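Thank you all for making time this morning. Please bring up the sequence and the structure, and we will walk through a few places together.

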Amino acid sequence: MPELLEKPTGTVAALFAALALFGASVAVRAIDGGPLLSPADRDRERGAVQEPMQLLGRSASARVSELDLRVNKELRPEWMRLRKAIFQLPRCPRTGEWLDSSDGLAFERLFNELRRGNRDEALAGLVLLTEVARRTEWEPGLLARVQDAERLSNLQSEWLRTWSARAAQDAQLSDPALATLLLHARVERATYVRTIGRDRDRQERAAEAFRRLLEDTQGQPSVFARALDVRHPGLVTGMRDRKDALEALDTAAGQLFPGLNGECK
Amino acid sequence: MFACALIGVGGLLLGLQVDGNGEFVGTGFTSLGVGALVALAGIVFSSWHERGAPRDVITAFSSLGGFLGLAFVVSGVLAPGGGWMFFEVLVLAVALSRSEAARTALSRGTVILLALMLLFRLWISYQGSQHRWEVMSIEVPILSSLPFSFLAPIQSVELGEFTPRELGFPLAGLAFAPSLALWAAGFVLSVAGLAWRAHAAREYENDRIHATICELPPALAQLVERVLPESQWGELGLHGLADRPLRKRIEELMVARIAARHELDAALRSREILETTNPGGFSGEIYRALTQGAPPQASGARSEPS
């Protein structure tokens, strides 16, 4: 060590810096990643909707009125009127026919207003859209009437385009958004899976649309895709492994929304 | 020292990755442990016949830097786990044992091999970040074009499958782009640091040998440096020797080289060596007559008239 004292100060400083760096190089390897948490697992925020997935379920009618006060005052009367109308829709009309009715047109206007609002309003719009999917018929059937599924799919796609990235980090919206993605895959598949064969162009377009939702600009999994992987492990890999990328999501949607298959059963 | 600091920065970058939450996560101790083992084996086997050893703080620290640098680089390029890693360990152990690690740190071939392994690691990390858990997938002709989902298991062949656990991915997944930048920069800095360290160590040893020779009177020192040129000091085994063995080695080399020089001079001065250049025939006989005098008397040969 004494000969060290004879060296230039810069050399001694470099020696100690290198020693510190060697130590740091070994120590950083022990840094552990944070726990695997879904946004919905984070601490509850004050004023957030409790158990938002219940509002997308079969018994949503029991809680939907909780959202009345969360919707903008200007939209509230229309919201209250339409939620009653939708939650009491009789006879399972075709989705396209109902959307063309006066209530359907009002719903589309309200839905788009809610989609552009805050996260409570976004959830309110999603609740209505899911109920429309449950109470109207969009199953193409043997005659391949895909227009109903297409219109429903377009509404879901618009909501996801607006909210997927933000919802992926939102404790209130993450689970409903992911559930909507799965349901969207189910509805989208209805537009291209035929009784015999499938519409390849439509399938490729759908796969591309989902890729845009689940990948960032560098082709890496987006925040939304990572949230999906945390909430539904293996689904993203399942999409890669199958020729029909949406099939895995459709299967998961079947488990999450039993009976919601476009036939009002 | 600066080269060691560079190695330290490289090792720091190679020890980190960025997870899906954008946070830094360590790459774990498994790959570092294996890398250290391979580096140790490489250094021990490649310097088996070397007699040098660190003698002071500077050379000891330099040796530590060389070992750690090699361990960081090897751990940075190894596949993080599974069968791939052990295959790479075998290849690297052989390559590093054959290279002159003690003298040149990393040969050009070894650096190319390490760079190829780093590329492989980056490729499988990329595949994993895309949720593709195989090195590559090849579609089976004809079968892959049939639209039947029950054929899916035989429509493509997956080569080199692995799992997220084998890749050592963080729980929140790997953010590939920033991790790639960290690893590539770490690799380059570590390799550059190793090369710089080896060069600096050589210079340091040369300075020490030069100082030892300069203890002789100036004219004599100049003669010794002409007989033992600086460019050969490493090959002559002068590097790394302690003071007394260094002096003894220089003495030995001087005795051997001067003796060889004397032998050569004697041989060159001898007339017999010119025999080897005699072309023979008429001109050869004249040449011999001029250089060696009269030829041996042959029977029947006429004597020169008086």
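Predicted model: local features only at pLDDT ≥ 70, side-chain atom pairs only at ≥ 80, totals over all residues.

In chain A you can find Arg166(A) over the face of Trp163(A), with 4.0 Å to the ring centre.

Let me turn to the aromatic rings, for which a search of the whole structure finds six aromatic pairs over all chains. In one of them, the rings of Trp98(A) and Phe107(A) have their centres 5.7 Å apart and their planes at 50 degrees, so the pair is tilted. Phe107(A) also pairs with Phe111(A), and this pair too is tilted, at 5.8 Å centre to centre with 35 degrees between the planes. Because Phe107(A) and Phe111(A) are four residues apart in helix α5 of chain A, about one helical turn separates them. Trp98(A), Phe107(A) and Phe111(A) form one aromatic cluster, and as to burial, Trp98(A) has a relative accessible area of 7%, while Phe107(A) has 0%.

Phe107(A) brings us to the largest nonpolar core, where, of 68 residues, Phe107(A) is among those that touch the most other members, together with residues including Trp79(A) and Trp159(A). Helix α8 of chain A, residues 174-192, gives the largest share of this core, ten residues. Apart from it lies another core, of 54 residues, among them Trp133(B) and Phe176(B).

Finally, where does His239(B) sit? His239(B) is in the loop between α10 and α11 of chain B, where it is buried, with a relative accessible area of 17%, and a polar contact of 2.8 Å joins its side chain to that of Asn206(B).

Key:
Residues numbered from 1 in each chain as written. Chains lettered and ligands numbered in written order. Heavy atoms only, no water. Core = buried A, V, L, I, M, F, W, Y, C linked by side-chain atoms within 4.5 Å. Buried < 20%, exposed > 50% of the residue type's maximum accessible area, 1.4 Å probe, protein only. Helix = DSSP H or I, 4+ residues; strand = E, 2+ residues; numbered from the N terminus. Polar contact = N/O pair within 3.5 Å; in protein donor to acceptor, adjacent residues only side chain to side chain. Phe/Tyr/Trp six-rings, centres within 6.5 Å; stacked < 30°, edge-to-face > 60°. Lys NZ or Arg CZ within 6 Å of the ring centre and 35° of its normal.
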